[in-house]
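Morning, everyone. Please look at the screen while I bring up the model. I will take it piece by piece.

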Amino acid sequence: MLAPERTWWKPLGRLEKTWLTVAFVWCIFLTLMMPLWYFMGKQNVPTETYRISAADFSAKVNAFVEQYKVGEDTINGVTFPVVAPPPGSDVYLRASTWQWYPILQLEVGETYRLHISSMDLQHGFSLQPVNINLQVLPGYDYVATIVPTSTGDFTIVCNEFCSLGHHTMVGKIIVK
Amino acid sequence: MATLAPTTQWMTGAKDDYRVCGVTTLKVDMHTERLIIANAVMAVVTLVLGGLFALLIALTRWQAVHLLDATWFYRLLTLHGIDMLVAWIVFFEMAGLHFGSTALLNARHAAPKLAWFGWALMTIGGLMVNGVVLFDASSIVTFTAYVPLKAHPLFYLSYILFAVGALIQVITFFINLVVAKREKRFEGSMPLAVFGLMTAAILAVYTLLEGAAAVVPAFFWSMGILKNYDPGIYRNFFWGFGHPAQQVNLAAMVAIWYMLAQMTVGIRPVNEKFSRLAFILYLFFINLGSAHHLLVDPGLSFAWKAVNTSYAMYLAVLGSMMHAFSIPAAMEIALRAKGFTKGLFGWLRNAPWGEPGFAALVMSMIIFGWIGGVTGVTIGTEQINMLAHNTLRLPGHFHATVVGGTTTAFMGFTYYVIPLIFRKELKLKSWAKWQPYVYGFGSILVSLGMITSGLQGVARRNWDITFAGVVPGTVDLTLAIFGIGALIAVAGGIMYVTVVLVSILTGPRVEPTNMLLLTGTNNPLLDSTKLTDRDMEHPKNQPKGTLVLVFAFLAWFAIYYLTNWWLLGRTWFIR
């Protein structure tokens, strides 16, 4: 709160220098971790994205469901088709208020190109309990290349507020 | 040796209307005093609203209680975000800017009418948005109002009014600085606290301009004039406002940390260059952090995200780590110079723990750094964000920064504003003494409850997680910790508001006589001018204890950060 003395540009003390050096080295380590993981890690944020209209994406989802549908299942009382695409194929998941369509059935250890887009508002793709979270925007076809590494039923929660029924927006991925 | 800034005589004339503070010996322009009071009153009003909403939404998310219905939950969640994160904090900062640009520089308020105009716009905007969200269901869009979620045009208009009002008040800060310099009210460099506030003010200018870039098109879009508004572009501009707005809070809070440390312990900054460089790192790098919110968005490259999310090279984090050393170090030296030189932490044992300003300072620094800072850097890492985005870990992080950190510090500072600016005796002193601990403890539980729930995948902004089907039983436990923490924090908030209201509304106006509120009659602010270079450099006074503390901090930081990489490595492969 007080004015400094006239000349305040002074060399740092020994302890300040020590801490500054250590803190700076830590910052460099933090910086390097990201590119290191980018090249060596198995879990990286997808970047592949295309522009797409809601109608075009919806048409792709419908064709996809028709081609690979294997059955039906319900989530909170609503019936959804269960779709089992072959490994390596393009998989489509449609977000709209308030559902994830369709239910996907995948095989453990196989690679899939998962396309996600929204028909209306912003949504949040939150796969539980593996805890992978991605933002879903209308007009963007977001492509995640995924390999399920565990089996079971996985829940897709919407974790971006999408008006009043937001909490009811739940989907499913089955991994066998 | 540091000195009190004021030396020059004030010019006489109608423009100058001031009093001399008996405690700080600072001259307080009466325009400044009234502006501080007006902004502080609105800050407390919005804090009361936001706190009430906090209680209700916390009791809803505490799954065992689940109080409100969905519509009211999302409605009050929207208002809680706006009233707390924006209104309370920005009003308080405006009070701080008026104080810093006049009293601390021995200067007059050069543009009071303009400042009042800005205050009025902020007040109208702040109250209007509460009305709009309460009465118009379509405006329940949460604080972020992500396009294409469309609110009523008045919703965006209130944001704009508030932001323009804030911008105008910030501009008067710069006008005051220029006029003070031109009228030679102070010589040489400005005090460190003003330097910190100036950092906040510069950050505020481009923050508010980016806010305009996001919200003005949204306003036209909501009226149908603009046909399309890309959600990705909106997010980019919105966070150009939303994130740096928190960095304004950060810079203002650190400035207040320095002030509280000087007012309660009588510190002299260890090295002005060191502290000022840390503020300059904020200035240059902290705005890149808006990328933190876009890390798992479609359409952005890895390189763009990595450079921005790391503030170029974690240089803003470096700034905070510098302050994290320099403030406790200055406190340690000041206390050691008083003779508390025993061992590594003898100075800590003899610190004024019963002084509300000191208690608030310590709670604020611990919660901000150890919880808020560490979790923020971790979830702001490009890949790790995938584990955390939009889970409760996010609000867990920022409740540690803006609630446990900023708000606790601002509350502690208020107790000194009451005698020094409102010129009222502080009542309920024992409440004030305990309040920072109660509030801080509550917000620690809030943050930890949210973070541990988020680690288990619980989404933020979600009325009822049981729709997601199987929820682990431990989630009930962590949400209960959050709920109980919220109750304690709200109790701390009620204590604060009660102390403030009782002090201001009862009792006559009295000239302040004492700097410390509870722990003595000495004046640390003036004592600090007696710390000589010899005191500062004496081998017995060196801040060895602080060095141990910051290394302990770094160890905890590393453990938390690396654990999160390990967690990430266990999930599905994704690219």
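Start with a definition: two strands pair if DSSP finds at least two bridges between them. Helices (H or I, at least four residues) and strands (E, at least two) are DSSP runs, numbered from the N terminus. This is a predicted model, where local features need pLDDT of at least 70, side-chain atom pairs count only at pLDDT 80 or more, and totals for chains, interfaces and linings use all residues. Residues are numbered from 1 along each chain as its sequence is written, while chains are lettered from A and ligands numbered from 1 in the order in which they are written.

Now the sheet in chain A. Seven strands form an open sheet in the order β2-β3-β6-β12-β11-β8-β9, with mixed pairing. Which strands stand at the edges? They are β2 (69–75) and β9 (132–136) of chain A; each has a single partner strand, so one side of each lacks a neighbour in the sheet. On average, neighbouring strands are turned by 25° against each other, direction ignored. The axes behind that angle are lines fitted to C-alpha atoms, for helices over the stretch in contact, and angles run from 0 to 180 degrees between N-to-C directions.

Look at β6 (residues 103–106) of chain A. β6(A) pairs with β3(A) in the parallel sense, over two bridges. A:V82 has A:I103 as its bridge partner, and A:V83 has A:L104. β6(A) also pairs with β12 (residues 170–175) of chain A, again parallel, over three bridges. There, A:Q105 stands opposite A:I174.

Next, helix α2 (residues 54–68) of chain A.

A residue is buried if 20 or more other C-beta atoms lie within 10 Å of its own, exposed if 12 or fewer, and partly exposed in between, with C-beta atoms placed from the backbone. In α2(A), the buried residues are A:F57, A:V61 and A:F64. They cover an arc of only 65° around the axis, so they sit on the same side of α2(A). The arc is that of the directions from the helix axis to the C-beta atoms. Why does such spacing work? An α-helix has 3.6 residues a turn, so residues three or four places apart point the same way. The face turned away from the buried side carries exposed residues A:A55, A:A59, A:A63, A:E66 and A:Q67.

Over to chain B. In helix α8 (residues 302–309), B:K305, B:A306, B:N308 and B:T309 are buried. These buried residues pack against α1 (14–40) of chain A. Packing rests on contacts: two residues are in contact if their C-beta atoms, placed from the backbone, lie within 7 Å. Just after α8(B), B:Y311 takes a positive phi of about 50°.

Most residues other than glycine have a negative phi, and most peptide bonds are trans. A:Q128 and A:P129 are joined by a cis peptide bond, with omega about 5°. A:P129 lies in the loop between β8 (123–128) and β9 of chain A. In chain B, the bond from B:V147 to B:P148 is cis too, with omega near 10°. B:T25 has a positive phi near 60°, and B:T25 is partly exposed, with 13 other C-beta atoms within 10 Å.
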